Amino acid sequence: MKIISIREEPSYAELATRYIQSKWASKESMMLYEDCISHCINAQAPLPQWYLLMDNDEIIGCAGLITNDFISRMDLYPWVCAVYIEESHRGHAYGALLLEQAKKDAQRHGFPHLYLCTDHIGLYERYGFSYIGTGYHPWGASSRIYAARIE
């Protein structure tokens with residue numbers, strides 16, 4: 001398994017964009033991912049970061065590290081987002097590899113915590129995250145917010 005950072009290996013940007021769009025984008029949000037991923041490459045700030053999880057030449061997962069995951073708790077950051085593992089590769093804790101990479105990058109830039117929002121209960125607790133409350137999305141939905149201390 002290998003994690004590709006799009007910032008460190010920008011030749012993967014187009015592939016990452018198509019893959020992440022296929023997993024997370026709607027027709028209306030395709031440009032959001034394209035714009036964010038393409039601009040992460042030369043960003044002056046440490047965020048955003050985008051990752052692909054590769055098994056040889058096959059993409060088996062992805063994740064992002066961003067300033068806000070469309071949630072009301074804009075006082076909290078950075079956020080892990082767009083975590084996805086292909087169904088055929090689930091059950092092997094490969095998502096933990098992406099979470100650990102996000103934690104390392106967040107810690108390297110001086111962030112003491114990492115956050116994520118999800119509707120999953122019991123999944124992210126296995127990887128050091130604790131439920132801290134509910135947040136609200138612009139489209140009216142709510143999500144559970146989790147935090148992990150990374151110092």
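This is a predicted model: local features need pLDDT of at least 70, side-chain atom pairs count only at pLDDT 80 or more; totals for chains, interfaces and linings use all residues.
Q: Which secondary structure elements make up the chain?
A: The protein chain contains three helices and seven strands. Here helices (H or I, at least four residues) and strands (E, at least two) are DSSP runs, numbered from the N terminus.

Q: And in what order do they come?
A: Along the sequence, the pattern is β-α-α-β-β-β-α-β-β-β. The radius of gyration of the protein chain is 15 Å, close to the 15 Å that the globule rule gives for 151 residues, so the chain is as compact as a globular protein of that length. That radius is taken over C-alpha atoms, and the globule rule is 2.2 Å times the number of residues to the power 0.38.

Q: What box do the C-alpha atoms fill?
A: Taken along the principal axes, the box is roughly 40 × 30 × 30 Å.

Q: How many of the residues are buried, as a percentage?
A: Of the 151 residues, 46% count as buried. Buried means under 20% relative accessible area, exposed means over 50%, and partly exposed lies in between (1.4 Å probe, protein chains only).

Q: What share of the contacts join residues at least 24 apart?
A: Among contacts between residues at least 6 apart in sequence, that share is 58%. A contact means heavy atoms within 4.5 Å.

Q: Changing topic: which residues of helix α2 are buried?
A: In α2, which covers residues 30–40, Y33, I37 and C40 are buried. They span an arc of only 65 degrees around the axis, which puts them on the same side of α2. The arc is that of the directions from the helix axis to the C-beta atoms.

Q: What is on the other side of α2, and what covers the buried residues?
A: M31 and H39 are exposed on the other side of α2. The cover over the buried residues includes α1 (13–24) and β2 (49–55).

Q: Is T17 buried or exposed?
A: T17 is buried, with a relative accessible area of 9%. T17 is in helix α1, and it touches E34 and I37, not counting residues up to four places away in sequence.

Q: What about K23, then: where is it and what does it touch?
A: K23 is also placed in helix α1, and it is partly exposed at 28% relative accessible area. Leaving aside residues up to four places away in sequence, K23 touches Y84 and E86.

Q: Where does S11 lie?
A: S11 lies in the loop between β1 (2–5) and α1, and it counts as exposed at 66% relative accessibility. S11 and D57 are 46 residues apart in sequence, with their C-alpha atoms 14 Å apart in space.

Q: Which peptide bonds are cis?
A: A cis peptide bond joins L47 and P48, with omega about 5 degrees; P48 is in the loop between α2 and β2. The bond from Y77 to P78 is cis as well, with omega near 5 degrees, and P78 is in the loop between β3 (58–66) and β4 (79–85).

Q: What is phi for F70 and A93?
A: Phi of F70 is near 50 degrees, a positive value in a residue other than glycine. F70 lies in the loop between β3 and β4 and is partly exposed, at 38%. Phi of A93 is near 60 degrees, also positive in a residue other than glycine. A93 is in the loop between β4 and α3 (94–108), and its relative accessible area of 39% makes it partly exposed.

Q: Lastly, how many side chains are charged each way?
A: There are 13 positive and 18 negative side chains, and the centres of the two sets lie 4 Å apart. Lys and Arg count as positive and Asp and Glu as negative, while His and the chain ends are not counted. Each charge is placed at NZ of Lys, CZ of Arg, CG of Asp or CD of Glu.

Key
Residues are numbered from 1 along each chain as its sequence is written. Side-chain values use heavy atoms; hydrogens and water are left out.
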